[in-house]
Amino acid sequence: LVMGHTGCGAVAGACKGVKLGNLTALLKEIQPAVQGVHHAHAGQDPASALFQDEVAEENVRRTIADIRKRSSVIRDLVDAGKVRIAGAMYDLATGQVRFLD
């Protein structure tokens, strides 16, 4: 299970282009999701909670794709139907988990 969450500080930092010591490398890993959401929703404020939560969800989707790409063992198990990689978002305000398609 790859799970993101609403109100993620790392995602907020990545959306704002924050440079923060050792965390800068982690924030850089989130940038493809930031760019993907920015491209899909041009004009939306990157500082808004809605934009950042969309980035967190996109980051979950991209992480799942990255796992499949980087691990032939996991990819083969998924393709054979022996395991499944699932994505979800945890809502900090409600405590609910929403599974992604």
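Cys-8 is buried in this predicted model, because its relative accessibility is 17% and the cut-off for buried is under 20%. Cys-15 is buried too, at 12% relative accessibility. What is the closest cysteine sulfur to that of Cys-8? It belongs to Cys-15, and it lies 9.3 Å away, so the pair is too far apart for a bond. A disulfide would need the two sulfur atoms within 2.5 Å. Cys-15 is likewise in no disulfide. The structure as a whole holds zero disulfides.

Helix α1 covers residues 9–16, and helix α2 covers residues 23–40. The two pack with their axes 9 Å apart, at an angle of about 75°. α1 is therefore roughly perpendicular to α2, since angles from 65 to 115 degrees fall in that class. On the α1 side, the contact is made by Ala-10, Val-11, Gly-13, Ala-14 and Cys-15. On the α2 side, Leu-27, Ile-30, Gln-31 and Val-34 take part. Seven of the residues in this contact are nonpolar, two are polar and none is charged.

Now the sheet. Three strands form an open sheet, in the order β1-β2-β3, with mixed pairing. Which strands are at the edges? They are β1 (2–5) and β3 (97–99), each pairing on one side only. From one strand to the next, the twist averages 25°. Strands of a sheet pair through backbone hydrogen bonds, in a parallel or an antiparallel sense. β1 runs parallel to its partner β2 (residues 87–90), and four bridges join the two. Within this pairing, Met-3 has Ala-88 of β2 as its bridge partner.

Definitions and conventions:
Residues numbered from 1 in each chain as written. Predicted model: local features only at pLDDT ≥ 70, side-chain atom pairs only at ≥ 80, totals over all residues. Heavy atoms only, no water. Axes fitted to C-alpha atoms, helices over the stretch in contact; angles between N-to-C directions. Parallel < 35°, antiparallel > 145°, perpendicular 65-115°, else oblique. Contact = heavy atoms within 4.5 Å. Nonpolar A, V, L, I, M, F, W, Y, C, P; charged D, E, K, R; others polar. Pairing = 2+ DSSP bridges. Buried < 20%, exposed > 50% of the residue type's maximum accessible area, 1.4 Å probe, protein only.
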